[in-house]
Amino acid sequence: MDSFYNQCYVLGMNVLKCLAISMELGDDFFDHITKQADPQLRLLHYPSIERNIVEQEGHARIIPHTDFGLCTLLFQDSVGGLEVDPFHTGDFKAALPVPGTVLINIADLLQRLTNDRCRSTMHRVVSPKAAGEILPSRFSIPFFIHPDPDAMIDPVVKEGEVKKYEPVNAGEWRTFNTAKNYAASLGVAA
């Protein structure tokens, strides 16, 4: 797992470098906010479950959400069920698993930092289309890339562009969103 974590870290930093180059920000743009980065690697197991439970109103294997760091590398098995809505319009499309690939989700802090030029990826996990009445177990491995806890995320604006977000401290943002998500899942007011 340590080796896999390190490979994910290198891949994630290279993805950010490529993004910076494509946005003409310089290949070292993200270096100053990722020196003390603390990515999270999670091993997720969705147990088998009856389809009719997951397909009830307000239910899903994972409800619609965005990730709150910079970006997420996602490795998924062949079961399926992941859907994305990159424009946040409610029009979810299946993100079908492709063997040997990694899916990359833009997260909220990258959206803020790029002043909406990159949009965070709304996503959810629902019933895969080909499954029967019992949905099979599903496994996925997300690698969440967060900036340094002390980094200030201040939108980069182009000439003539209006800044859409106030600066936020990355560590405070992460703590707030983590607390909000766990409080919501426990039914506690945040």
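Biologist: How do the residues lining the largest pocket divide into nonpolar, polar and charged?

Modeller: This is a predicted model, where local features need pLDDT of at least 70, side-chain atom pairs need 80 or more, and totals for chains, interfaces and linings use all residues. Residues are numbered from 1 along each chain as its sequence is written, and side-chain values use heavy atoms, without hydrogens and water. Ala, Val, Leu, Ile, Met, Phe, Trp, Tyr, Cys and Pro count as nonpolar, Asp, Glu, Lys and Arg as charged, and the others, Gly among them, as polar. The lining of the largest pocket then splits into 13 nonpolar, 13 polar and five charged.

Biologist: Which residues are closest to the centre of that largest pocket?

Modeller: The largest pocket has a volume of about 980 Å³. Among its 31 lining residues, the closest to the centre are Arg42, Ile62, His65, Asp67 and Asn181.

Biologist: And which element gives the most to the lining of the largest pocket?

Modeller: Elements giving two or more residues include the strands β2 (44–46), β4 (62–65) and β11 (138–145), plus α4 (170–186). The top contributor, with seven residues, is α4.

Biologist: What kind of aromatic pair do Phe29 and Phe30 form?

Modeller: The whole structure has three aromatic pairs. Phe29 and Phe30 have ring centres 5.0 Å apart and 85 degrees between the planes, and over 60 counts as edge-to-face (centres within 6.5 Å; under 30 is stacked, the rest tilted). So this pair is edge-to-face.

Biologist: Is Phe30 buried or exposed?

Modeller: Buried means under 20% relative accessible area, exposed over 50%, partly exposed in between, with a 1.4 Å probe and protein chains only. Phe29, at 16%, is buried. Phe30 has 4% relative accessibility, so Phe30 is buried.

Terms used. On a 1 Å grid over the protein atoms alone, a cavity is a set of points where a 1.4 Å probe fits but cannot get out, and a pocket is an open set with protein on both sides within 12 Å along at least five of seven lines; lining residues have an atom within 4 Å of a point. Grid points are joined across faces, edges and corners, and a volume is the space filled by probe spheres set on the points. Helices (H or I, at least four residues) and strands (E, at least two) are DSSP runs, numbered from the N terminus. Rings of Phe, Tyr and Trp (its six-membered ring) pair if their centres lie within 6.5 Å; planes under 30 degrees apart count as stacked, over 60 as edge-to-face and the rest as tilted.
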